[in-house]
Each structure stands twice: as structure tokens, then as C-alpha cells.
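Thanks for coming, everyone. Please look at the screen, and I will walk you through it.

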Amino acid sequence: MRKLITLFVSLAVLAPAWGVGSAARAQQSQRPREGAARGASNAAATETLIRNATVLTITRGTLANTDILIRNGKIAGVGQNLKASDRARVIDATGKYVMPGIVDAHSHSMSDAINEGTLSVTSMVRIRDMLNPTAPNLYRELAGGVTTLNVLHGSANTIGGQNTVVKIKYGRPVAEFIFPGAPPGIKFALGENVKRASSTVLPGQTRRYPATRMGQEEVLRDAFTRARNYKRAWDEHRAAVARNEKNLIAPRRDLQLEPLVEILEGKRFVHAHCYRADEIIMLLNLADEFGFKIRTLQHVLEGYKVAKEIAAHGAGASSFADSWGYKIEAYDAIPYNAAVMTRAGIIVSINSDSDERARRLNIDAAKMMKYGDLTEDEALRLITINPAIQLGIQERVGSIEVGKDADLAIWTAHPFSVYSRVETTFIDGDIFFDRQQDLARRPELQREREELLKAEVNRPPTEGGAQPGAPRRRPANHHDDDDVDNGEGDNHR
Amino acid sequence: MVASVASSPTSWVARAQRSAIDTYAITGARIVTVSGAEIARGTVVIRGGLIAAVGANVAAPSDARIIDGTGLTVYPGLIDANTNLGMPAATAPRPGGGGAAAFLAAQQQATPAVSSPNSSQPVGLQPEILASDVVRPGGEQIEAARNAGLTAALTAPREGIFMGQSAVINLAGETPQQMIVRSPVALHVGFTPLRTGTYPGSLLGVFAAIRQMLLDAGRYRDANAVYEKSPRGVRRPDQDKSLAALVPVLAREMPVVMYADRQREIERALDLAQEFNLRLVIAGGAESWRVAERLAAAKVPVLLSLNYPRRTTAETPEADPDPVRVLRERVDAPKTAGRLAAAGVRFAFQSGGLSNMNDYLANVSKSLDNGLARDEALRALTIRAAEILGVADQLGTIEVGKIANLTVTRGDLFARERRITHVFIDGRPVDLKPAPAPPAAGGTAAASGSTRASASGTWTLRVQVEGQPERSLTLTLQQETERLSGSIQGDFGSAQIANASVGASGDIKFTVPVTTGTQTTEATFNGTISGNEMRGTFTTVGSGAGTFNGTRAGSTTPQ
């Protein structure tokens, strides 16, 4: 990562990478078998019976030799010797484990743009506009048992854009990804990324305000003061309309301030990127002062230092398992953070902030049994019901209970084992990943590839021709949020 | 009076010269009118720039210049439904002397192609810009389009989010005024972030900025209505020509052309148009067939690009293979037109930045091989374009009273061996210079007798940005006459170059996509080739400029 940033700095003007965008490049490395997922969901079974599994319900303990009945996309039964109709799809899960679909509370998957970093307040931008339902990482995440993502704006500025919670309905139209009824939210960010500490300022350009944590507090205070005034202007206008006043010109609708008014009214969740204890306290105090709640603190690596204050505010905390020391504000991070905060009564989740780590959140959760002695159920909660609570979708997902959405995954062993892998992933009762179908489809794809390669347009030029792009390597401790800071604002974590 | 007399002679002379011969008759030709039945053998009479008569039994007037059409086919003049023909390009900064001051000066000199004076909005968000105000006649590109049989085009400014308003132009005429057929035609919306480091600097911000400006335009309209009714006691709204330009768009009086190729880009455009009840036209449309049902239901036409993708990368065993998705896209590109037709989506063809205009009709022919009906193809080249662009009363068919734009071929328009023999624009024949046949093997332009400087070969480029270490890149070029393609490689992979050309005097230009994080911008290189040396300057939009020089690897050049 350090190396990456150095290279970007040296190339500040003439661009860090020649070639196509990173998303396109990622697609070159391994193509997901979209057909497998599609074929499976086309089976159109409205009823599925999973037989004889070990069921990690999360909220009701672990049940041995248990069946799960799925009907019309919902969990219709959890128990022994359940009966299904004749046309039901029956899956024998003897010796296997079923857990709820993993909820990743911090993702940047499927977003065609991550940061609008030109301004310090970009509450008008919406991740919903940017979703790419064909991003191959989505399929890889399904293969890791993940079914729900909180797709967030990056962390380039104090008040970022509006997030979107999605179900990974890979292969379906983008509109079907949107998590029905998930409360709206927004990204805030504090600390080094917002200071743009690692960005180079080109000659002739001015450094974007603010360059310190003090300035970040002022940006928040200014923004919410403007939002209050905005609300007042509209209230007065509506009152004047009610009084039947003539010749009124309505105030300007301001897409930047409208979401902030929603925050003040408690209608929009704040997901605040933060690291250090002092900035966490600043934010909680400021929110108290303006009368709104911080829904989640994201990363919150020094949360263990101020766990009591976080619990008192009622904020959730979404952190990494064991990432630390990768930048100045991560030096005081400890892997016991999640456990300490859990014991302080905070709703804690473990997130990925990475297309790659998202595929193995089960292992990140397992580590929390080692660091801080969380129980198995407590550790499982970190990636299921807790992030669901943080996103306000706990009535739909996050545990295996009758009436909840049938979002779950069948694992070959206990998901906390490194030898375990996902066999099948369901969302709303439809299969979106199935390992056997994936394997079965590979020869067909290979045949298609060979056929396509015969076409003239797919043959290399007879002479010369460009060198194909080199595969892009990811640093081992990569977090998407911390990507590139190149003056145009593409960093998040 | 004196003034008007004094000012008139030049235009009067021009008119007199034009009227010297203004009557032509193409006799004994096969006539594909598009509006009606095909005429196996007939005559088209052109007079005063218009089609005066057409039919099997029409006699050529005595004063007409006769063109023997035996063995020829006359089609309505072909229309390119979206181009930048005649539009100015951004001015590149001059190479600086040295030091930070020179660098700064260079940055400031990098002026955008078009900007609107006294606008309330930054360059890139100025919908009031009119293509008709900045269009210039002449130039190699317009000539290349005519040589390919094109007679008229929609042309729009090159850059921006609100790029400006387009015009339909005829591809001949000595002045902009003579070229313009209709203006304004549509507001063009690209989704390219501003490169100036200011908001909006990402696709996220682009959508928010479009929304906010459309909302502001609605309020501007309402506030002015209140004010004009009774200004007393009402605070005067600021006059704002950018917002004023959006008012006809909100009223659906002016269509909006949005640039979108991928399925999700088209869906975003459809969503945006639905949100603000806009009259949408999609330009590009590579994956429009995936959205065909929705496009048909919403009656959104497509200006379909003929710039089909093809493989340009060499065979390298250690490289990652192309994903199946990319392989499919290349094979499927010619199928799009047929699929749109089957789904009932109205579409017209456009060149889409095609570097070799000979591919224009060749790629339509590929669509015929992939399920597009002949008459649908013909319409998409003529009357459909005219309808979508609002010039169906003037262009697009061979009917009496319409502008005499005609494309005449020997052999069928879609046959491999056909030749464009005549092109009439505004009733006058234009000189055609058919592009020479491509050399038998790539990179032998110089050997085959062309006087053009050859650019083919592998070049080592040294790129210098003020205050930064020099960087080395490898540029591989293939040249076929003025057409240039190739790729550039650096530490971070490789990319195809685009918009590449090399002139007779050795001036070379090309652009390179440059990726910073998830955002893609463009670097424009301008230079000259002399022997095995190349030097010049480049600008990276929004972030700066520098110089480059290069040498060609000796073994691969034919010189």
C-alpha cells in the first residue's frame, strides 16, 4: 500500500495507471459464472426444503439435525421432520451447516464511483446512481456466504454521499438489488483521509479545506447550521402559502441540504468513518448538540478507549478484526476492540471495506473468539444480526427465524473453520450461488470461449498490436476505503 | 443604405457563382427513394439545391447538367446521426520553457474548446452553448465523411456534462451559415466529470449536479413567471442563461441526447429522463439491445454507434485471456441493430468516433449479416435519422421539394465492392477523394508510395512533467494512410490509443485513457514525427501538461 501511494504521488500529473478502469481490470482476471446463478434461480421453485442440517440460527442457538422450509422467499419453518409439497426442491444437508447470509456493513462493491471528493460536503450524491449489478466481485462475495451489503461512499470528505443497502441478487436487474425498506443513510468521515494528508497538491491548485480535525468539526457545524436555516426557510414559505400570500417564490430546493435535514429529523442514518478516540468524542458531542444520532461508527479502531461514551450515545460500531498499523491513525488499534466494545454493550459488527476480504468475513468473525473470548454466538452475531441491526433491517435478515427473508448459505463445515466453504447461497429463497452448478457449467463456458475466439474480431491483429494489460496486484492488507489518494479524491477507508 | 450596398457584394458574388450551374439530372439510374417504391430505371432532377423531380418517366430539363446514371444507384444522402464534425478542439498549451512558472502558465493556456461568456456555470455545465455558434466548415474529417458517402450530420460540442446544443449540418458549404440545416436540435449530456479539480469531479457528482441544475431551471422558470406577472414587491430573480437554456428541455420541447453504451449507463439515463420527464435520445447504445423493451416502451430512440469493438491486443501467452464477456461483446456488436429493429426501438446510425470512415458502411453491412433487414438499415442511415433529429421534411428521402442531398453508388450500397461515385449536398456535387485501398500488410504506408510520414513501429517515449522524474513508456503504432491505431504501455499496464491521426507533414496526435483510482480521464498528445524521432506536448485534462520525445526502434520501421 505504501508503495502504491508513492507511485501515485510520483505520477500525480501523468496519472497512476494507463489503461482501463480498475473495475474493468478486475473483470479480466476471473469471470464469474453468472449463468450458474441465473440457471439456478430460474428453477422457480417457490418451495425449498433443506434437510438435516446443523442450523446456526444466531438468535435461537445452534440446532442439530434440523430442517429449514423456505416458501415464497421466506423462512416458513425451522424444526425437525418438516414437510414440503411435492414440487419443493429438497436439499439434503446432512453433515452440513446453515447460517444466515452474512451482512457486510461497509462495502464499496458494485459502485462505479466511490468518492466525490471535490467538496467537503457532498450529501447530494447517491451511491444508488452508481450501482453496477454485473461487478464480478459480487459473485465472489456470494461464494463467501455474503448476501447483504451496505454500499457506502468513500471517506474523502467530511460529509460524503448517500449509501444504499443491497441484496446481492447477481444476474438480476439493478432495481431488484435494492434492499426493500432499508432506512436511508449517509457517509461521514473524520481524520487523515479527510485531511488529505497523503495527497499532493498540484501547482496552481489549492488544498481543499479542511486540512485538520479542527476544520472537520467546523465543516460539520457549518453544514448543520445551514441545514437548520434551510429547513426554517421552507417552513416559513409553507406557512406563507398556507396564509394564501400572493407572488411567492419558493426557496431553492437544495439537494445538498435536504439529506442533512433528514438527519436532523432522525430519518437518515449516519455511518461515520473514524479512527481516533478524540474525533469520536467530538462527533458524538456535536451530534448531541444538534440533536441527532450517529447510527454507526465505521472502523472506529480506538473505540475500545471510549466504549462507554459510544454506548451512552447509542451508536453502533463496525470495525475490522485484526488490521492495524497501516497508517498513523491506526497505530493504537488492537484486535480486542470488537470484544471490548461488545462487553461495553455496543452493537458491534465486523465489516470488510474490501471486495476481497468480504469473501472471508466468516474467518474475521472467528478471530474474535480468539481475541477477547467472545462466545461462538457473539462472534457469529458480528457478521449477521448485529450489522442488520445497524442498518435497520434486522426484521428481515440476520438470523434464521420463521417469517424472515430466506437469505442463507449452506456451508460444508462450521463457518468458523478455515476448511469450510459455501455450497449454496440463497436470497429470498432463490439460489444465487451454487458450487456444483458452477463447476458443472465450466466446460460449457470453455466451449463458448473457444467458439468466440474463432471470430475474426477476437483474433489478435496479424502484426503488432498492444500488449495486454498486466494483472493488477493488490497489497496484502488492502482496504478499498484506503485506495488511491491522488488529488481527485478516491480514498475511502 | 450605403452600408448595405457596401456590405452586399461578396455575398452577391457568391450567390451568382453558385447559380451558374444549379440544375442537374441523374438519368437512367436505379433510384432508392426510401419514401416509396424503388425505381428500377429513372431520373432525379435537382434544381436550386432541391429535388425538383424524380421518377421513371421524368425528362431531364434542357438546362440541366446530365449525369449518366446507367449502372448507378441513387440513395438519399446518408446522415451521420451524431458527430463532432466542425467542432473546435481544446487548445493545447504551448511547451513551457521551464520552472514552476512556465508550468503554471502552460496550465492556464490550456483553454477549453468552447465556453460561454458571462455564464453562471463552469465550463462543462453550460447548456447554452450552441454548436451552430462554433461550427467551422472544411477540414479533413468532414472530407472523410463525404468520401464515405455521408451528406449531413448531427454535430455537437465535444465535451462536458451539459455539453451544449447540437445542430444538423450539411457536410458542404463555405460558411457555417451555409452548412446549418437546423439548430438547435437537442441538448447533449455526457457524463464526464469536470477535469478542473472542482465539483463535480466524479460520476457521483455528475448525477447530483445534473439533478440540481434541472431543479434550479424549474425554479428559474417559475420565479420569472411570478416576477413578469407583477414585478412590484418581488425580488428580481438573477438572469441566468444556463438555466434558461434548460427550460425548453423541461418542457419537452427540446430532446436530450445522453451518451450511454453499457446497459447500466442506459438505465441510468432512462431513470434520469423519467425523473424529470425529459425527451430522451440515447447516443452510443452498444448494449441498448439489453434494454430494448424499456426503450421501446418509453419511445426512446437510439443513435447507434457503428464503432464496433475489435481485438487490438497482441497474442501474448503470459497475459490474462480476454473475459468471455469481452469476447461476446465483440461478436455481438453487429447484432445490436437487428435486435433493436425486432424490438421496435427506433434507431439511426452514427459514426461514434470511428477512425476510418470506410468502416461506416462496412459495419452496417455486418449488421445485415447479423439479422438487420436491408430496408431497416437503409432507413437507419437516412429517414430515421432525419425523423429523430427533426429534419424529416428536409432530408432523408428522395422526394420532390426536399434538400438535394444524394449518395450515388456503383454497386449496391451494402455490397462489398460498391463504390461511392457521386455525392450531392445542397444540390451540388462534391469532389470525392476515395481513400486509397489499405496496404497489403500493416505498416507499409511509406513503402507503398505515400508521402505521409510513417508512424508505424515501436517507439520509446520519454515523458516529462515539470518537477517530476522523467518517465519512459512504450508506444506501438500501426498506420494505414492517415489512420493510426496502437497502444501505449507503462508500469501500470497498457491502453489503446484513440483519436489518433498522422498528417502529411508528420504531425501526430492521439489520446490515451488515464485511470486514477476509479476515474478515467484522458491525456492528449500532440507532436511531430521527423524520421525516427517524435516530439511534442501533452495535456492531461484537468491535471496538467508536459512534454514528450521518442525514438523508434530501428528494426520495425520500413524507412
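Which residues have the most contacts inside the largest nonpolar core? They are Phe188(A), Phe224(A), Phe292(A), Ile294(A), Leu297(A) and Phe349(B), and the core has 195 residues. A nonpolar core is a set of buried Ala, Val, Leu, Ile, Met, Phe, Trp, Tyr and Cys residues joined through side-chain atoms within 4.5 Å. Buried means under 20% relative accessible area, exposed over 50%, partly exposed in between, with a 1.4 Å probe and protein chains only.

Helix 7 of chain B, residues 203-229, gives the most to this core: 11 residues. Helices are DSSP runs of H or I, at least four residues; strands are runs of E, at least two; both are numbered from the N terminus.

Before going on, the ground rules. This is a predicted model, where local features need pLDDT of at least 70, side-chain atom pairs count only at pLDDT 80 or more, and totals for chains, interfaces and linings use all residues. Residues are numbered from 1 along each chain as its sequence is written, chains are lettered from A and ligands numbered from 1 in the order written, and side-chain values use heavy atoms, without hydrogens and water.

Now Lys169(A). It lies in the loop between strand 9 (159-167) and strand 10 (185-189) of chain A. Buried or exposed? Lys169(A) is buried, because its relative accessible area is 10%. Beyond four places in sequence, Lys169(A) touches Glu176(A), Phe177(A), Ile427(A), Asp428(A) and Phe432(A). Contact means heavy atoms within 4.5 Å.

Last, confidence. pLDDT is the predictor's confidence in each residue, from 0 to 100. Chain B averages 85. Over residues 94-99 of chain B, pLDDT stays under 50.
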